[in-house]
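Biologist: I am new to this structure and would like a close look at a single part of it. Could you take me through the salt bridges, with care over how the residues that form them sit?

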Amino acid sequence: MRRRPCLLLASVMVAASGCGLQSGSPMVDAVKPGSIGQGDPLEGAHLTVTSKEFTEQLILGAIMGIAFQAAGADVLDRTGIQGSIGAREAVKSGDADGMYEYTGTAWITYQGNSKPIPDPDEQWQAVRDADLKNGITWLAPSSLNNTYALAMNQANFEKYRTRTLSDVAALARKDPGAVTLCVESEFANRADGLPGMAKAYGMSVPAKNVTQMDTGIIYTQVKKGSCTYGEVFTTDGRIKSMNLVVMEDDKKFFPNYNVAPEINTKALKKWPAIAKVLDPVTRKLNNNVAQTLNARVDVDGEDPHQVALDWMKAEGFVKKD
């Protein structure tokens, strides 16, 4: 494997001032090109991949790093940074070369907008255009959209047959007692959460029908039927493992949080093949894929990096070296 001394120093989690990084370790997956990376277009590149600390981000960070390795790059793993800002700033400053980020997070949290753009492609384009001045280039997005939703168990779905948030609003008007909600306290009070959703859909839910609880408990309570609907994230692996039914946001109230590669512009100019390597992988990412991979970690207890590697091999993107 091709390693430079700076990468090896980083692997022992000390400050590697020559790299401009605080910590990290080399990715050493024994992979070679499959459908991506033919001809080693990133041969000679030393790329740093980052991510936030939650399951989906750890998987996505590993996917990006594995793709770069298959294309011939040496890759430093700096995934798992706590919070959104740290990973974002690493890419912006050049301490990291890329990560998978969410368009809605960039538009609202980083770029300071309050009103989301309903069309996902227009949302991505607006984010891309705004970030060019920040030294960040967004590559083509995926259909993976990790946003808010309401979900119910199969028994309640068979009973009420609601498929959209408009259906839920109609049920609340027809039978107010039927609509009980389990939500996080933040969602219960944010303008882009329950209050805004209720206003957008004309949904009247009495305060006594809303129970606030931690995220993980929501899923188990919805599965048990303790509440008819629970606030979920659309790519959470527990949706699939618990066989929950997600309500369609038919009025497009919630922001689009589509995943796309966010690459340091200087790194992309030096290594333009990054886009060609990542585009086929990104196109394969969707909510079903995310739910399946996330469940392997959150439900089955598997390692996020191994889950990412298994998927990259199964899709034929990479092969075992």
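This is a predicted model: local features need pLDDT of at least 70, side-chain atom pairs count only at pLDDT 80 or more; totals for chains, interfaces and linings use all residues.

Modeller: A residue counts as buried under 20% relative accessible area, as exposed over 50%, and as partly exposed in between. Lys284 forms a salt bridge with Glu315, the closest N and O atoms being 3.5 Å apart. Because Lys284 lies in helix 13 (residues 273-284) and Glu315 in the loop between helix 15 (304-314) and strand 13 (318-320), the pair ties together parts that are 31 residues apart in sequence. Glu315 counts as partly exposed too, its relative accessibility being 31%.

Another of the eleven salt bridges that the structure holds is the one in which the side chains of Arg88 and Glu262 meet, at 3.0 Å from N to O. This pair links distant parts of the chain, since Arg88 belongs to helix 3 (residues 84-93) and Glu262 to strand 12 (residues 259-264), 174 residues apart. Both Arg88 and Glu262 are buried, and together with Asp131 they are linked in a network of salt bridges.

A further salt bridge brings together the side chains of Glu186 and Arg190, at 2.6 Å from N to O. Here Glu186 is partly exposed, with 46% relative accessibility, and Arg190 is likewise partly exposed, with a relative accessible area of 28%.

Note on methods. Residues are numbered from 1 along each chain as its sequence is written. Side-chain values use heavy atoms; hydrogens and water are left out. A salt bridge is a side-chain nitrogen of Lys or Arg within 4 Å of a carboxyl oxygen of Asp or Glu. Helices (H or I, at least four residues) and strands (E, at least two) are DSSP runs, numbered from the N terminus. Buried means under 20% relative accessible area, exposed over 50%, partly exposed in between (1.4 Å probe, protein chains only).
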